[in-house]
Amino acid sequence: MNTNMRYNSVTLLLSFIIITIITALKVNPFVAVISLCGAVSFMIFCEGFIKSLMKLFACFIFAFVFTFINPLISHMGDDVLFYVNSRPYTLQALFYGFVFSMMMSAVFIWFYNVSVLIGSDSMIGLFGRLFPKLSLVLSMSLSVLPMYIKSTEEINDSSRTLGMNGKNLFSRMKSIIHTFKAVIMTMPENVIEKSLYMNCRGFGTRKYRSFLKDGIRLKDIIAIILYVSSFLFICISDGMDFEFYPTFDFNFDFRYYLLFAVMVFLPTAVLFKEKLLKNKARSHIDERVSSI
């Protein structure tokens, strides 16, 4: 994910955390749809449609499975669709499973966006002064998923180039198993390399110092005030409450959903604006170079 959002890491992390908290606390179909659309649009805008679609496939499988399994576990609700082993399979439980799976998918995608957007260096810089060891663990944990996704893509590309993927289902399953084994075998190698690198850099031998590339500017303060005030405004209100059991009951206040939509799609809009400015500056430089 190649992004150049010219905001402080504190602002980026706080905004994504607030969006994720609202998504997780408000188990609401409208909130889940808005948050999921915002997370997916941000990922697609950064990585492209094809790469994002491959990553979204796992979320789709999770949503599909949990949607139909939840009514087998929870039997609450007045609208019974049918019975499974003399136990009711209710519409409310089915819809709750669907909304919960969308909510979890949105949270997973937002965490993925945060892990790649902020990066391990910025994470260490954020928490290094107060919690140096914790910041190191968090930064390494956030970098694990993108690193192994990239390793899997590289191994798949190499196997496809060598013609090892096969054409039938058995050959493809065998190729997937070999890829999984190769990725697993790279884990201890990466741990050894990082430990040797940290020893060579003298980690733990002197006082720890953190470094942040960018300071907090006026636009960072405005964004922090906007997100914090919107978070408090949404949390203390009941305009986004949604009850699933025993029957559907909800409050729909358009103002709160519009405010949450602005919070969710604002990072994508900012990224789109900065890419337009970058492309405009690049075209201006190309025109100057061609005129020389």
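Me: What makes up the largest nonpolar core, and which residues have the most contacts inside it?
Reply: This is a predicted model. In it, the largest nonpolar core has 43 residues. Ile109, Trp110, Met240 and Phe260 have the most contacts inside that core. Two or more core residues come from each of α1 (9-25), α2 (29-47), α3, α4 (91-127), α7 (218-235) and α8 (254-291). Helix α4 gives the largest share, with eleven residues.

Me: How do you know that the span of α7 agrees with its number of residues?
Reply: Helix α7 has 18 residues, and at 1.5 Å a residue it should span 26 Å. The end C-alpha atoms are 26 Å apart, so the two values agree.

Me: Why is Thr67 called buried?
Reply: Thr67 has 8% relative accessibility. The cut-off for buried is under 20%, so Thr67 counts as buried. Thr67 is found in helix α3 (residues 49-73).

Me: What is Thr67 in contact with, leaving aside its neighbours within four places in sequence?
Reply: Its contacts are Leu94, Gly97, Phe98 and Ser101.

Me: What makes the Thr67 and Ser101 pair a polar contact?
Reply: Their side chains make the contact at 3.5 Å. The limit for such a pair of N or O atoms is within 3.5 Å, so this pair is counted.

Me: Why is Phe82 called partly exposed?
Reply: Phe82 has a relative accessible area of 42%. Buried needs under 20% and exposed needs over 50%, so Phe82 falls in between. Phe82 lies in strand β1. Leaving aside neighbours within four places in sequence, Phe82 is in contact with Arg87, Pro88 and Tyr89.

Me: How do you know that strands β1 and β2 pair?
Reply: Four bridges join β1 (residues 80-84) to β2 (residues 87-90). Pairing takes at least two bridges, so these strands pair. The two strands run antiparallel. Tyr83 has Pro88 in β2 as its bridge partner. Val80 stands opposite Thr90 in β2.

Me: What is the phi of Asn85 in the hairpin of β1 and β2?
Reply: Asn85 takes a positive phi near 55°. The hairpin has two residues between its strands.

Me: How many helices and strands does the protein chain have?
Reply: The chain has eight helices and four strands. From the N terminus on, the elements run α-α-α-β-β-α-α-α-α-β-β-α.

Me: How many of the 292 residues of the protein chain count as buried?
Reply: The share is 35%.

Me: What share of contacts between residues at least 6 apart in sequence join residues at least 24 apart?
Reply: In the protein chain, that share is 74%.

Technical notes. Residues are numbered from 1 along each chain as its sequence is written. This is a predicted model: local features need pLDDT of at least 70, side-chain atom pairs count only at pLDDT 80 or more; totals for chains, interfaces and linings use all residues. Side-chain values use heavy atoms; hydrogens and water are left out. Buried means under 20% relative accessible area, exposed over 50%, partly exposed in between (1.4 Å probe, protein chains only). A polar contact is a pair of N or O atoms within 3.5 Å; within protein, one must be able to donate a hydrogen and the other to accept it, and residues adjacent in sequence count only if both atoms are side-chain atoms. Contact means heavy atoms within 4.5 Å. A nonpolar core is a set of buried Ala, Val, Leu, Ile, Met, Phe, Trp, Tyr and Cys residues joined through side-chain atoms within 4.5 Å. The expected span of a helix is 1.5 Å times one less than its number of residues.
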